[in-house]
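Load the model and keep the selection tool at hand.

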Amino acid sequence: MVKHVFLIGFMGCGKSSVGKRLSYLLKQPYLDTDDRIEEWEGKKITQIFADEGEEYFRLQETEVIKSLFDARQPYVVSVGGGLVLREKNRRIIKKQGICIYLRATADTLYQRLQKDTQRPLLQVEDPKARIESLLAKRSAIYESCADRIVDVDGLDLPRVAELVRGAFEEEKAARRQRRMEKEESQNRLVQSREQNEESGGNGNEKKILVMHGPNLNFLGIREPEIYGTASYADLVAYIQAEADKRGLTVSFFQSNHEGALIDRIQEAYYDHTEGIIINPGALTHYSYALHDALASVDRIQKIEVHLSDITKREGFRAQSVTKAACQAQIYGKGFAGYADALDEMARLLGLEQNEEKES
Ligand code: DQA
């Protein structure tokens, strides 16, 4: 799949020089939208503005980025400062690759542009004021269009190019990761639907899903004075052993992503999970989306667990927005809180091993 990298930003932010260097670093050909239009038209941009007007130039800009759909290999594209102001152009860019905003302050831009006579928009009495007012109008658009932002003030060209390359690689990796998670989640959904169909929707094993939210995979590393030195793997082993003692069937899911947790809760609806024990991490305190996901699977019993005592820590932790969607909340007991949660879940599901009943 061809994926171009687009450099956007105000005139003078360094898109062309950074673009050329990046093209060398990534071994991808370079294209400058302004240069391409000058080539097509056989004249300088100032002349195009004078002869044909700005609107004509803007139409040519759209044609240049559209032509990239036919490219056989990924390009590094330096994008004219006004090009992304058009919604249509932003959409064309989004479809074709990764967009990086080279962000500079008005002061930096003025320093770089004050002697430039080639920029039609700056041929005015007070170019500094012009830069400031244009930047004020444009910066929100640049930011919203960008996948990544690199601040360029005070940095030399090689450094900016390195940062841009890093941002590009990070964005590529993040997209790959999101794609994989989406695929995994879709596969799981298909699987659980299939299992559901196979069992005629009547699976009778009471499944308990133990879910962990952001940063809980970092147990043992993160703040050991609060959470202890045992790892997430240790916690899973502990819960599994406690579940085995009680004859309960548990499975585990951890994610640092709110959406992935929500997807898993929705799958739980299809795969006939009967109980969810969840430690949502910091999402506890603000994720209404997670609350809604838990609330939407109302035939599933839910228990919220926290290792630490959230009522005795920073003020923002005292509130749990997910609690209202759960039948019980257990906190401040470390690992043992999960054993209590299993007991409580067994009771809620009518699975407790009651000796009196058995005799
Ligand atoms: C936590 C408490 C949360 O406030 C925090 O953000 C966590 C862990 C606990 O288990 O104590 O990530 O859920």
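Two residues count as in contact if their C-beta atoms, placed from the backbone, lie within 7 Å. This is a predicted model: local features need pLDDT of at least 70 and side-chain atom pairs count only at pLDDT 80 or more, while totals for chains, interfaces and linings use all residues. Residues are numbered from 1 along each chain as its sequence is written.

Select α7, residues 127-145; helices (H or I, at least four residues) and strands (E, at least two) are DSSP runs, numbered from the N terminus. Its buried residues pack against β1 (4-8), α5 (87-96), β4 (97-103) and α6 (106-113). They are Ile131, Leu135, Tyr142 and Cys145, where buried means 20 or more other C-beta atoms within 10 Å of the residue's own, exposed 12 or fewer, and partly exposed in between, with C-beta atoms placed from the backbone.

Next, zoom out to domain 1 (4-175) and domain 2 (204-358); the bounds come from an automatic or database domain assignment. Their C-alpha centres lie 48 Å apart.

Now select the residues around the ligand, among them Asn215, His306 and Arg317; near means a C-beta atom, placed from the backbone, within 6 Å.

Stay on Asn215, in the loop between β6 (207-212) and α9 (224-227). Its phi is near 75°, a positive value in a residue other than glycine. Asn215 is partly exposed, because it has 17 other C-beta atoms within 10 Å.

Finish at Glu223, in the loop between β6 and α9. Glu223 has a positive phi of about 25°. Is Glu223 buried or exposed? Glu223 counts as exposed, because it has 11 C-beta neighbours inside 10 Å.

Terms used
Expected span 1.5 Å × (residues − 1).
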